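Trainee: I have just opened this one and would like to go through it slowly with you. Could we start with the picture itself?

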Amino acid sequence: MDALDLKILATLDADARRPYADVAREFGISQPTVADRVRRLEDRGIVRGAMLCVDHARLGFNVSAFVRLRATPSHKRGLTEAARAMPQVIEMHSVTGDDCMIARVVARSVEELAEILQRLTAFAESSTSVVLETIIPLRNPIPVQQPAAPAKLTARNGRDRASA
């Protein structure tokens, strides 16, 4: 991946629906070049499609929470199936530490959140944190410039060549 790939990614990250022709004009390249580079990024698994970004609050989901879950091994499958059946569980991760999973949940009200928690706690103990404010919304870690390559080591002395 080179600097142009990173620029294309950053541009499409800001607006995935932006036409390739606009991206091509911005960078002074052809539209087929943009399309080919995006296709290669897809082939390499770097780009896995475009995701619809929805404002949950405008859909009526005004309560957002992170739910830490601690289930026994025998209950993990039931917990996962219950969470998958609830569209309000918008994200769930298996994690290390005292908890085994963390779920991101949205609800229309505190009462709906309580119902969701009741369904989840049939399979696990929970600890819930309601979101008061989102400081940094979900984003992709796309650097503005390509990261610098690590310094090369010499076989003789283990020091980088620049300092040798």
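Mentor: Helices (H or I, at least four residues) and strands (E, at least two) are DSSP runs, numbered from the N terminus. By that naming, alanine 3 sits in helix α1, which covers residues 3–14. This is a predicted model, in which local features need pLDDT of at least 70 and side-chain atom pairs count only at pLDDT 80 or more, while totals for chains, interfaces and linings use all residues. Numbering runs from 1 along each chain as its sequence is written, and side-chain values use heavy atoms, without hydrogens or water.

Trainee: Okay, and how many helices and strands does the protein have?

Mentor: The secondary structure comes to 5 helices and 4 strands, and along the sequence they follow the pattern α-α-α-β-α-β-β-α-β.

Trainee: Back to alanine 3, then: how accessible is it?

Mentor: Alanine 3 is partly exposed, with a relative accessibility of 40%, where buried means under 20% relative accessible area, exposed means over 50% and partly exposed lies in between (1.4 Å probe, protein chains only). Across the protein, buried residues make up 25% of the 164 residues.

Trainee: At what angle do α1 and α3 pack?

Mentor: The angle between α1 and α3 is about 90°, and their axes are 11 Å apart; axes are lines fitted to C-alpha atoms, for helices over the stretch in contact, and angles run from 0 to 180 degrees between N-to-C directions. From α1, the contact (heavy atoms within 4.5 Å) takes in Leu4, Asp5, Ile8, Leu9 and Leu12, while α3 contributes Val34, Arg37, Val38 and Leu41.

Trainee: And how do the axes of α2 and α3 cross?

Mentor: Helix α2 (residues 20–27) and helix α3 (residues 31–43) have axes that come within 8 Å and cross at roughly 110°. Here Tyr20, Ala21, Val23 and Ala24 of α2 meet Gln31, Val34, Ala35 and Val38 of α3.

Trainee: Switching to the strands: in what order do they lie in the sheet?

Mentor: The 4 strands form an open sheet in the order β2-β3-β1-β4, with antiparallel pairing, and two strands count as paired if DSSP finds at least two bridges between them. The edge strands are β2 and β4 (125–130), each of which pairs on one side only, and the twist from one strand to the next averages 20°.

Trainee: Which residues of β1 are on its covered face?

Mentor: The covered face of β1 holds Val63, Ala65, Val67 and Leu69, whereas Ser64, Phe66, Arg68 and Arg70 are on the uncovered one. Helix α5 lies across β1, β3 and β4, running at about 150° to β3.

Trainee: What about β2 and β3, how do they pair?

Mentor: Strand β2 (residues 89–94) and strand β3 (residues 101–107) pair in the antiparallel sense over 5 bridges, with valine 89 opposite valine 105. They make a hairpin with 6 residues between them, and glycine 97 in the turn has a positive phi of about 100°.

Trainee: Last topic: which residues touch the most other members of the largest nonpolar core?

Mentor: A nonpolar core is a set of buried Ala, Val, Leu, Ile, Met, Phe, Trp, Tyr and Cys residues joined through side-chain atoms within 4.5 Å. The largest has 20 residues, of which Leu69, Leu79, Val105, Leu113 and Leu120 touch the most other members, and the elements giving it two or more residues are β1 (63–70), α4 (73–84), β3 and α5 (110–120). A second, separate core of 7 residues includes Ile8, Val23, Ala24 and Val34.

Trainee: And what is valine 105 in contact with?

Mentor: Beyond four places in sequence, valine 105 is in contact with Val63, Ser64, Ala65, Val67, Gln88, Val89, Leu113 and Ile116.
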